[in-house]
Structure formats: structure tokens, C-alpha cells
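Dear colleague,

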Amino acid sequence: MRGLLVLTALFVAVFGKVTFEGDQVLRITAQDAKQIALLKELPEEILGLDYWMSPSRVSLPVDVHVPFHSLQAVRAFLAYHQIPYHVMIENVQDLLDDEQREMVKYRSFPRSTDDFVYTTYHDLNSINSFMDMLVAENSNLVSKIEIGKSYEGRSLDVLKFSTGANRPGIWIDTGIHSREWITPASAIWSAKKIVTDYGRDPVLTDILNNYDIFLEIIANPDGFAYTHSNDRMWRKTRKPNPGSSCVGVDPNRNWEVGFGGSGASSNPCSQTYHGPSIHSEPEVKAIVDFVKSHGKLKAFLSIHSYSQMLLYPYGYTSTPAKDQAELHELARKAVSELQSLHNTAYTYGSVITTIYQADGITIDWTYEQGIKYSYTFELRDTGRYGFLLPADQIIPTAEETWLALMAIMEHTRNNPY
Amino acid sequence: MASTGDLEPTHYPARRAAQVALHYLNTHHGSPFRVFGLQQVHKASAEDVEAGGRKYKLDFSVTDWASGSAGPALRCSADVLFPRTERHSAPDVKLRCEALQQINRTAQEEEAFYQKHITPDSAVSARDIPDSYGNMSEEMQPFWRLARVAASFIMLRESSENTEFNMAQVASVTQQESSEEQLMLEFVVLLHDLPSQEIVQWKLLASWSPDRGVRVLQTEWQPRCPHATKPPN
């Protein structure tokens with residue numbers, strides 16, 4: 001038996017290469033001293049075995065990295081002598097690839113948006129450089145517009161995807177509540193998706209040949225910076241409130257329609273503080289000014305997390321929106337598309353009936369401005385991880401959300417008004 | 001603005017009541033290897049009762065987060081009574097779930113976990129579980145689940161028709177000495193209330209053993225910053 005083993009190993013070793021593809025790590029549990037002795041007799045060098053834990057005593061497991069070309073021989077040997085084992089690592093190369101990706105993550109300067117790591121959460125600097133790279137790589141399709149400055153003086157940037165002048169537009173914003181990290185993470189992926197699919201996907205190409213898409217990835221940069229530096233759970237802006245030691249205004253309670261109602265708080269220390277006055281927050285005012293001066297936005301999609309919901313107006317009143325039937329049916333379709341990918345269950349309906357009464361919210365204002373297809377998304381999950389959604393869910397979330405966004409954009413394109 | 005009669009199962013009145021039933025379920029059946037989450041509300045109704053409370057009748061399904069995507073859904077029904085008193089008092093829950101008794105497949109893991117940490121020199125101490133990026137080590141998972149179960153006692157107690165609690169993060173876990181064959185753990189947990197969007201911090205002392213389950217011995221609300229708001233109730 002041993003002779004056969006050696007011969008096989010020699011034969012295969014001649015054709016070996018320097019890769020760990022298909023290599024496995026086995027954990028062998030010898031049952032008695034005789035089995036330990038047998039293991040010790042295995043020709044390590046010839047087989048290319050690398051013991052992580054060498055055979056010594058019966059009570060200790062034997063961990064061994066077995067190259068792919070020796071696997072069959074080693075497993076046959078173990079089976080023949082009835083030595084129990086199980087596979088600890090199915091493919092060593094996979095593990096090394098993972099590690100390599102982890103290391104790439106910590107590279108400070110990806111050189112292109114193909115180099116960028118979409119499977120991790122980024123900080124403001126990294127997101128800003130992503131936007132600049134995307135524009136540089138796709139300058140015929142994407143430009144960056146500054147629509148204003150935050151309270152602390154940060155630029156409020158919007159990516160404009162456009163193939164022609166004087167087009168009606170579709171608006172998407174993420175990150176208005178700074179702790180909702182999954183939202184800008186999804187937006188980054190979506191931005192890359194748009195430039196990749198333009199000219200390839202007929203539906204998106206048709207949309208972009210008729211509409212501009214505006215994407216504000218970080219609508220609240222001061223809050224976002226604060227979630228990195230001080231408090232991961234920060235939601236509001238960072239503007240001080242005179243007469244109070246509490247900072248910040250809820251940028252999704254600061255809008256004109258329904259302002260100051262019971263679905264917001266008048267307490268500056270509250271997470272839903274509506275602010276001293278309508279549009280008092282520069283982050284909100286910048287969007288208001290943009291919407292008014294553009295004048296031809298036809299869909300407005302404001303993206304939040306968490307709860308897995310697709311919501312339409314109103315939040316401040318239970319009076320149904322004039323277009324409720326159409327908005328409801330479109331929501332149903334968009335949610336059905338979303339769910340088709342990873343079976344993620346979403347709820348949909350008006351804000352006030354589905355999640356809670358909320359006064360002075362973005363989409364109530366945009367709807368009243370005449371932007372019929374005004375929706376708020378609440379992305380994954382439903383409370384298990386909440387705001388701290390594991391990074392491995394970024395791409396699945398972005399992918400499924402994209403299907404819902406496409407459904408709404410496609411409907412907007414096909415139903416001009 | 002209360003709804004009586006049949007409720008839309010996916011909307012918040014039914015969902016909040018179902019979440020209360022979930023908190024109750026976890027206080028009774030949660031462990032380091034079992035935490036239940038709401039999967040879906042199938043049917044719900046509400047009615048006013050004497051003494052001014054409101055009772056919700058619910059038909060819903062739950063899944064065990066610890067069994068990953070492989071886990072089956074359990075069907076449950078519950079009556080959740082929110083009392084109407086001057087000062088807040090905890091909701092009352094009557095709950096029935098099918099096949100609960102049959103779930104003892106975690107007994108081995110629980111025993112191994114217990115033995116590993118009941119030793120005198122075990123002194124587990126950790127912060128921010130999960131971390132800002134949602135990362136949580138394998139080793140910390142059972143402690144996260146224990147915190148989630150212990151937090152369920154607080155979330156159940158603090159719930160009303162106007163709250164919807166989840167545990168946002170375990171700020172810290174510190175193992176305490178114990179002379180009673182119970183794991184003793186001090187947790188600081190951050191709870192998130194959806195309607196108010198507030199993050200509420202609680203320190204709590206909990207014990208656990210495979211035999212006795214989770215018990216919460218002390219709870220203390222903690223301010224998060226000098227002028228933090230009090231909890232919703």
C-alpha cells in the first residue's frame with residue numbers, strides 16, 4: 001500500500017504547480033496509538049504534506065494541509081486504515097483569496113472604480129474619491145454637481161447621469177440619516193451599475209436616453225463623518241440648537257409639508273426634532289433649491305434603512321394621496337421585482353399607515369411639488385442587525401434594491417406627465 | 001388614532017403587537033443558541049376591553065435566527081393586552097407556538113458553551129457587538145444572543161402601542177463572578193425604538209444556565225449623553 005502511495009505521489013508531483021487551488025486541510029482523529037504510528041509513517045515530503053498539528057498523541061487531533069494532487073492518495077490511505085477524519089478547509093485557495101480581498105480593503109487608494117471594494121463600508125474621503133474616479137472614467141455620462149454646503153462646510157455633491165440636455169429627471173438620495181450606512185453603500189454600487197449597464201441594458205439605456213438620473217450619495221455628510229468619528233448611532237444633522245446643549249435636526253422632519261405636527265418633535269434633544277423652522281437645515285435647503293430650479297423632476301426616491309419597506313405619501317395625514325392607487329400598484333410591482341432576487345420580504349403602503357405618522361418628511365413635500373412618483377425606501381433588515389448590517393449584505397441589498405429602482409424608473413419613463 | 005377590528009397584518013399596529021409577543025417568546029425560550037425573530041404576521045385584530053385597555057389577537061410565524069436560513073418557520077398565536085393606566089405598565093401576553101417543545105437540538109451546544117464559561121478563570125469581556133461594520137466573531141454570537149434575550153425582558157416591559165423595539169447593539173459584555181452555577185453577565189445594550197427613533201441605553205445583570213434559562217436580575221437605564229432624553233415610557 002505504501003509503495004503505491006509513493007509511486008502515485010511521485011507521478012503527480014512532477015505535474016504540480018504553485019497554487020493552492022483544490023488543496024484541503026484535514027482534521028484527523030486517530031483512535032489509537034497504532035493509527036498515530038501509521039500517520040507518522042506517511043511520506044510527508046513526497047506527498048507535500050504540511051502539518052499544522054503533527055501526529056503526537058491520540059487525544060490530540062492531527063491537522064494537515066494536503067495538496068490537491070495528494071488528496072486522493074491520502075484519503076484512500078485513511079479509508080483503508082479506517083482512520084476517522086473530516087475536512088476542515090474545503091479549498092485553501094478560496095481562503096487565501098478571501099484574505100487577499102481583505103488586504104485590498106485596507107488599501108487606501110483604489111486606482112479605479114474597478115479596483116474599489118464594494119463589499120465594505122467606506123468613509124467620506126473614500127466615497128468622495130469614488131465619485132471623482134467615476135466621473136473621470138465616464139466623463140461623457142457622469143458629472144458631479146455641488147448643490148450646496150453642509151452646516152460644517154462640507155460639499156453637498158450630486159452625481160448627474162445624463163446623455164443630453166434639457167431632460168426631465170429622476171432623483172435618488174441616500175445617507176440623509178447618517179447611521180443608515182447600508183444606503184450610501186448601496187448607492188455606490190448602483191452608481192457603478194448605471195455606468196456599466198448604459199449601452200448594455202436596453203431598459204436602462206432607454207431611460208437614460210430620455211431622463212437624467214441625479215444621485216446624492218451622502219445627503220448628510222456632517223452626520224456621516226460623526227458616525228465614523230464619535231457616535232455610530234447618530235441620525236441628525238450637526239447644527240447646534242441655540243439655547244440647548246443638544247445638537248442636530250432630523251433632516252426628514254424639516255420639510256415644509258406637515259411641518260411641526262405631532263409626527264415630529266419640538267425638543268432639540270430628540271431624534272425626530274423638526275428644527276427651528278421650515279428648511280432651516282442647509283442640507284435640506286440645498287435639495288429644495290435644486291428641485292425648484294430644476295423644475296422637471298418626475299420621480300423622487302429617498303432611501304433610508306431599516307425596516308424593508310417601500311413607502312409613498314403621506315406621512316403627515318391619513319388622507320390618501322390623489323395618486324394613491326397608482327402609487328400603490330407601482331409599489332407592489334417594485335417590491336415583487338425586489339423580492340424575486342433574494343426572497344427578501346418587503347412591506348409597502350403609505351408612510352402613515354405602514355410605519356408611523358411622520359410630519360415634515362421629504363416625500364410629502366416633493367409630492368406636493370408635483371413629483372408624482374415620490375417614494376421612501378427602508379432597506380434591510382427588519383431589526384436583527386438594524387443599522388449595523390453586516391458588510392456581506394451590501395451587494396445583495398444593492399442588487400435587489402436596484403430592481404425596485406428600475407421598476408419605478410421604467411414606469412416613470414413609460415408614463416410621462 | 002387607534003384601529004379596532006381586523007388589522008392590516010403588514011402595517012405597524014399589528015406588527016408592534018407581534019413584536020411584543022416575540023419579546024415574550026424570547027424571554028421564555030431564548031438561549032445563547034436560540035433567538036426568535038418575526039417572520040410574518042398572517043392575521044391580526046384588535047378590540048377595546050374593559051378598564052380601557054386594548055387587546056390584539058395575532059396569528060404569526062417566527063424563525064430562529066440561530067438556525068440560519070435553514071430554519072423552519074414556527075406558527076404562533078398570541079393575545080397581547082396593552083393596558084391603559086396612568087403610568088405605563090407592561091403589556092400582558094398569552095402565547096401559543098406549535099412544536100416549541102420539540103426544539104431541543106441546541107442542548108449539546110448549550111451544555112458545551114456553559115461548561116466552557118462556568119470555569120472559575122473564565123472572564124469574558126468585550127465591547128461593541130457587532131462593531132460599526134456589522135462584524136461579530138463566532139465566539140461572540142452566543143453572547144450577542146444572550147444579550148438579545150436579556151434585552152427582551154426590558155423591551156417587553158417597556159413596550160406600548162407606540163413603541164417598536166429592537167436591540168441595536170451590545171455596547172459591552174462583562175462576565176461576573178458567580179457562586180451559583182449560573183453564568184453571570186453584565187450587559188450594556190443599546191435599544192432602538194422605531195417610532196421615536198431613539199437609542200436607549202440599559203445596563204443589566206443577567207444569569208443563564210441550561211437548566212434555568214435566562215433571568216434578568218437588575219436593570220438600569222443609562223443616559224447616553226449629558227442631556228439625553230428619557231426612554232419613550
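**The disulfides**

The torsion about the S-S bond of A:Cys246 and A:Cys269 is about 90 degrees, so this disulfide (a pair of cysteine sulfur atoms within 2.5 Å) is right-handed. A:Cys246 and A:Cys269 both lie in the loop between α9 (221-229) and α10 (282-294) of chain A, so the pair ties together parts that are 23 residues apart in sequence; helices (H or I, at least four residues) and strands (E, at least two) are DSSP runs, numbered from the N terminus. The sulfur atoms of A:Cys246 and A:Cys269 are 2.0 Å apart, and A:Cys246 is buried at a relative accessible area of 8%, where buried means under 20%, exposed over 50% and partly exposed in between, with a 1.4 Å probe and protein chains only.

Please keep in mind that this is a predicted model, in which local features need pLDDT of at least 70 and side-chain atom pairs count only at pLDDT 80 or more, while totals for chains, interfaces and linings use all residues. Residues are numbered from 1 along each chain as its sequence is written, chains are lettered from A and ligands numbered from 1 in the order in which they are written, and side-chain values use heavy atoms, with hydrogens and water left out.

Over all chains, the structure holds two disulfides. In chain B, the sulfur atoms of B:Cys76 and B:Cys97 are 2.0 Å apart and form a disulfide. B:Cys76 belongs to strand β4 (residues 73-82) and B:Cys97 to strand β5 (residues 92-97), so this pair ties together parts that are 21 residues apart in sequence. B:Cys76 is buried at 3% relative accessibility, and B:Cys97 is buried at 14%.
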